Amino acid sequence: ELCERARGARAPSHELFFLMGMIHQSAGDLDRAESCLHKTLYLDAAHDDALLALALLAAQRGDDRMAETYRQSAARAAARKEAP
């Protein structure tokens with residue numbers, strides 16, 4: 001509820017959508033979690049934690065190919081963050 005209020009009061013934020021995704025995932029609402037995580041990536045395509053969370057969701061659905069794609073994207077995003 002607090003996240004929804006913050007979402008309505010502010011400009012879209014990748015941090016807020018990521019938090020909402022994690023909350024939905026922990027509550028077992030995987031469809032809403034996935035939707036929030038995709039919105040996170042729309043706002044920050046290099047959000048490696050969102051990519052890893054999507055990898056986990058894809059693996060839980062049995063989509064190993066997509067899970068690996070997300071993991072590879074997360075590794076590239078993390079490497080770009082660490083590069084000077």
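This is a predicted model: local features need pLDDT of at least 70, side-chain atom pairs count only at pLDDT 80 or more; totals for chains, interfaces and linings use all residues.
Figure 1. The buried residues of H3 are Ala33, Glu34, Cys36, Leu37, Thr40 and Leu41. They lie on the same side of H3, because they cover an arc of only 165° around the axis. An α-helix has 3.6 residues a turn, so residues three or four places apart point the same way. The face of H3 turned away from this buried side carries the exposed residues Asp31 and Tyr42. The cover over the buried residues of H3 includes H2 and helix H4, residues 48–61.

**Figure 2. The crossing of helices H3 and H4.** Two packed helices are described by the angle between their axes and the distance between the axes. The axes of H3 and H4 come within 10 Å and cross at roughly 145°. This crossing of H3 and H4 is left-handed. On H3, the contact is made by Leu30, Ala33, Glu34, Leu37, His38, Thr40 and Leu41. On H4, the residues that make the contact are Ala50, Leu51, Ala53, Leu54, Leu57, Gln60 and Arg61. Sorted by class, the contact of H3 with H4 has nine nonpolar, three polar and two charged residues.

**Figure 3. Helix H4 and the helices that cover its buried residues.** H4 has 14 residues and reaches 20 Å from its first C-alpha to its last, close to the 20 Å expected at 1.5 Å a residue. Its buried residues are Asp48, Ala50, Leu51, Ala53, Leu54, Ala55, Leu57 and Ala58. What covers these buried residues of H4 includes H2, H3 and H5. After H4 comes Gly62, whose phi is positive, near 90°.

**Figure 4. Ala55 in helix H4.** Leaving out residues up to four places away in sequence, Ala55 touches Ala67, Tyr70 and Arg71. Ala55 and Ala67 are 12 residues apart along the chain, and their C-alpha atoms are separated by 4.1 Å.

**Figure 5. Helix H5, with buried residues on one side and exposed residues on the other.** Helix H5 covers residues 64–82. Its 19 residues reach 27 Å from the first C-alpha to the last, close to the 27 Å expected at 1.5 Å a residue. Buried in H5 are Ala67, Tyr70, Ser73, Ala74, Ala77 and Ala78. Because they cover an arc of only 135° around the axis, these residues are on the same side of H5. On the other side of H5, Asp64, Arg65, Arg80 and Glu82 are exposed. The buried residues of H5 pack against H3 and H4.

**Figure 6. Leu16 and Gln25, two residues of helix H2.** Leu16 lies in helix H2, which is made of residues 14–26. With a relative accessibility of 15%, Leu16 counts as buried. The C-alpha atoms of Leu16 and Glu4 are separated by 9.2 Å, and the two residues are 12 residues apart along the chain. Gln25 is also found in helix H2.

**Figure 7. Pro12 in the loop between helices H1 and H2.** Pro12 is located in the loop that runs between helix H1, residues 2–9, and H2. Pro12 is exposed because its relative accessible area is 63%, and exposed requires a value over 50%. Which residues is Pro12 in contact with, leaving aside its neighbours within four places in sequence? The residues in contact with Pro12 are Phe17 and Leu43. From C-alpha to C-alpha, Pro12 and Leu43 are 7.9 Å apart in space, and they are 31 residues apart in sequence.

Methods. Residues are numbered from 1 along each chain as its sequence is written. Side-chain values use heavy atoms; hydrogens and water are left out. Helices (H or I, at least four residues) and strands (E, at least two) are DSSP runs, numbered from the N terminus. Buried means under 20% relative accessible area, exposed over 50%, partly exposed in between (1.4 Å probe, protein chains only). The arc is that of the directions from the helix axis to the C-beta atoms. Contact means heavy atoms within 4.5 Å. Axes are lines fitted to C-alpha atoms, for helices over the stretch in contact, and angles run from 0 to 180 degrees between N-to-C directions. A crossing is left-handed if the near helix is turned anticlockwise from the far one by less than a right angle, and right-handed if clockwise. Ala, Val, Leu, Ile, Met, Phe, Trp, Tyr, Cys and Pro count as nonpolar, Asp, Glu, Lys and Arg as charged, and the others, Gly among them, as polar. The expected span of a helix is 1.5 Å times one less than its number of residues.
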